Amino acid sequence: MYIFNIISLLGGLSMFLYGMRLMSGSLKEGSSGTLKVAMERITNNPLKSFLLGLGIAAVIQSSTATIVITSGLVAAGILSLEQSLGIIIGANVGTTVTGQIIRLLDIGEDSSPVLRFFQPSTLAPLALIVGIILIMFCHFKKSDNLGSIAMGFGILFVGLMNMTSSVSGLIEGGQMGRMFEHMGDNPILGYMIGAGVAFILQSSSATIGILQAFSMAGSIPFKTIYIVIVGIYLGDCVTTAIVCSIGAQNESKRVGLVNIIYNLSKTVIVIAVVALTHSLGLLDELWNMHMTPGTIADANTIFNLGCAIILLPFGNIFVKLSRRILPDAEEPKGKYSDIVSALNPVFFSTPALAFRSCYNALNAMFDAAVVNINKALDVIDDYDDSIVDEIAAEEKNIDMLTDRVDNYLVQLSPHISEDLHIRIFEQYHKLVTEFEHLGDYADNIAMTAREMHNEGVQFSKTALNELKVVRDLLDTILDYAKLTFVKRNLDAAYHIEPLEEVMDDLINTLHDNHLDRLRDGKCTIRAGISFLNILTNLENMSDSCSHVGVAIIARVKPEKANLPHTYLISLHKGENSRFNEAYSEAHENYYKMLEEMGREKETEA
């Protein structure tokens, strides 16, 4: 009964699609760091862009993923639409590699012993064995990732063999053969079937693979194959365009539109060339020839490569046409709009690029917080209402970036599994909170300065001099925190903690000094409250910088993941000679500055 063959066919198709997704996903995750570097070094040379797109699609086994990632980079302003063109065309060629791998189905029982090792019936179980060994018994870096790639490869071929076996049963009844023959006689039907299946499966590689599996079980002529293949091009690029358009700006949407225009042009060229050569009698021998997985893979590669060579020089026409179809619209541009646009879900399949977007947003948050800190400390002694308003406005931007990065990380979390990516995720999740806190503390100081101005409260010269010493120390700590985050500089990270400890000492000393002035009547209670409030926020800033240093050390030194419980405790117990030396030197320097400030004569108000 055909029902059992259909169930078996669908089961094989499910295994094939899962194997392809597992292999492709693992390849993307394992190569995402290299992919990030390659994408960022793209040039205006169309040939280099083409080769880059070809190479990336060949490695990650997906033109859709490559083009969607490119769309995200265009949205982020990292690539221009013109630069993306070569990548789009190259990705369409690179995805044909999957079909060339599946042509291993052509290897028969009469092949040499060496070739028979590459026969799917041998290669599939070997890949599965290697995969399970890597996952269960190996513990080196990326062993799980490599194991998943091997398992995906094995499952893919098991699914293909199951599909081939199931299709053989359906072919025997004759209906399947007549269906393929009818598609060859009705090109529009064949085109629509190819487009529809590719659209549903969201993968041209998977659809070509299914076609190759069917060819093993029955006679499918070239006249059917070629028209189905060009239909596949349309279905796959429409899926890509839809994904590129989700929540995207116009320039990003144009990437998907250019891909559609290119594939429609490719379809016209293939159909025109095949029709012309057939009318001249040059395809008579090939027209009704039984296609194999190998010849299908070759036809797909030749179609893609030939069209790429013809159309690449005319790429600017596609760009201009996309801009005419989708004209520029007035899009609101905020100060951080490009950074926010880069927090794009299309990068989830390539975590390194997603983390790069987070890094840029975090860097902007840190810089904005530092600018606000300096402005806030300036208005304590030289009040300017407009500056306080600027601080408040920028604080809203920092809060906005905090929400965007935090939500982006939450959405990204299900897509990461590699140890390095998990460590980066944990680091960024901590830092987004610390950078927001830095902005909050600056805003607190600015609001204190406004209250003092409105109430006519002023600090004594002694208090202002003491704040200068603390500010000097804070500037140094912030510089080390910046270097630690931007460069993952461990030496800078190790410098933060002894300075933070000196900050705690200074704050305590200034607190005691304030109480002395209060008892001597040299300071008002209202001024004292403001002074202590500012000191608290300065101390909190140094604490946040300490947390930044600890987060970086935990990422670079994963063996010290329990740092907050052991590392800091051991330092504060005096068990680290490096910390002791740095602390003593900084303590002496800053207390000497404080002592020199205290020698200045002043008249207390």
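Colleague: How many helices and how many strands does the protein have?

Modeller: Please bear in mind that this is a predicted model. Of the 605 residues of the protein, 51% count as buried. As to secondary structure, the protein has 0 strands and 25 helices.

Colleague: What percentage of the contacts with a separation of 6 or more is accounted for by residues 24 or more positions apart?

Modeller: The share refers to contacts in the protein whose partners have a separation of 6 or more. Within that set, residues 24 or more positions apart account for 81%.

Colleague: Which residues does Leu538 touch, not counting residues up to four places away in sequence?

Modeller: In soluble globular proteins, nonpolar side chains tend to be buried together. With residues up to four places away in sequence not counted, Leu538 touches Leu377, Ile445, Leu467, Val470 and Leu474.

Colleague: Are helix 20 and helix 23 roughly parallel or roughly antiparallel to each other?

Modeller: The axes of helix 20 (residues 419–455) and helix 23 (residues 525–556) come within 9 Å and cross at roughly 165°. The residues of this contact divide into 16 nonpolar, 10 polar and 6 charged. The crossing is left-handed. Since angles over 145 degrees fall in that class, helix 20 and helix 23 are roughly antiparallel.

Colleague: How do the residues of the contact of helix 18 with helix 19 divide?

Modeller: Helix 18 packs against helix 19 (residues 385–412) at an angle of about 160°, with the axes 9 Å apart. The two helices are therefore roughly antiparallel to each other, and their crossing is left-handed. The residues of the contact divide into 4 charged, 2 polar and 20 nonpolar.

Colleague: Is the crossing of helix 4 and helix 13 left-handed or right-handed?

Modeller: Helix 4 (residues 81–94) and helix 13 (residues 250–279) have axes 10 Å apart and pack at an angle of about 45°. They are therefore oblique to each other. As for its hand, the crossing of helix 4 and helix 13 is right-handed.

Colleague: What distance separates the C-alpha atoms of Ala58 and Asn92?

Modeller: Ala58 lies in helix 2 (residues 46–60). Leaving aside neighbours within four places in sequence, Ala58 is in contact with Gly94 and Val97. Ala58 and Asn92 are 34 residues apart along the chain, and their C-alpha atoms are separated by 9.5 Å.

Colleague: Is Thr98 buried or exposed?

Modeller: Thr98 has its place in helix 5 (residues 97–102). Not counting residues up to four places away in sequence, Thr98 touches Met20, Gln61 and Ser205. Its relative accessibility is 3%, and buried means under 20%, so Thr98 counts as buried.

Note on methods. Residues are numbered from 1 along each chain as its sequence is written. This is a predicted model: local features need pLDDT of at least 70, side-chain atom pairs count only at pLDDT 80 or more; totals for chains, interfaces and linings use all residues. Side-chain values use heavy atoms; hydrogens and water are left out. Contact means heavy atoms within 4.5 Å. Axes are lines fitted to C-alpha atoms, for helices over the stretch in contact, and angles run from 0 to 180 degrees between N-to-C directions. Helices (H or I, at least four residues) and strands (E, at least two) are DSSP runs, numbered from the N terminus. Angles under 35 degrees count as roughly parallel, over 145 as roughly antiparallel, 65 to 115 as roughly perpendicular and the rest as oblique. A crossing is left-handed if the near helix is turned anticlockwise from the far one by less than a right angle, and right-handed if clockwise. Ala, Val, Leu, Ile, Met, Phe, Trp, Tyr, Cys and Pro count as nonpolar, Asp, Glu, Lys and Arg as charged, and the others, Gly among them, as polar. Buried means under 20% relative accessible area, exposed over 50%, partly exposed in between (1.4 Å probe, protein chains only).
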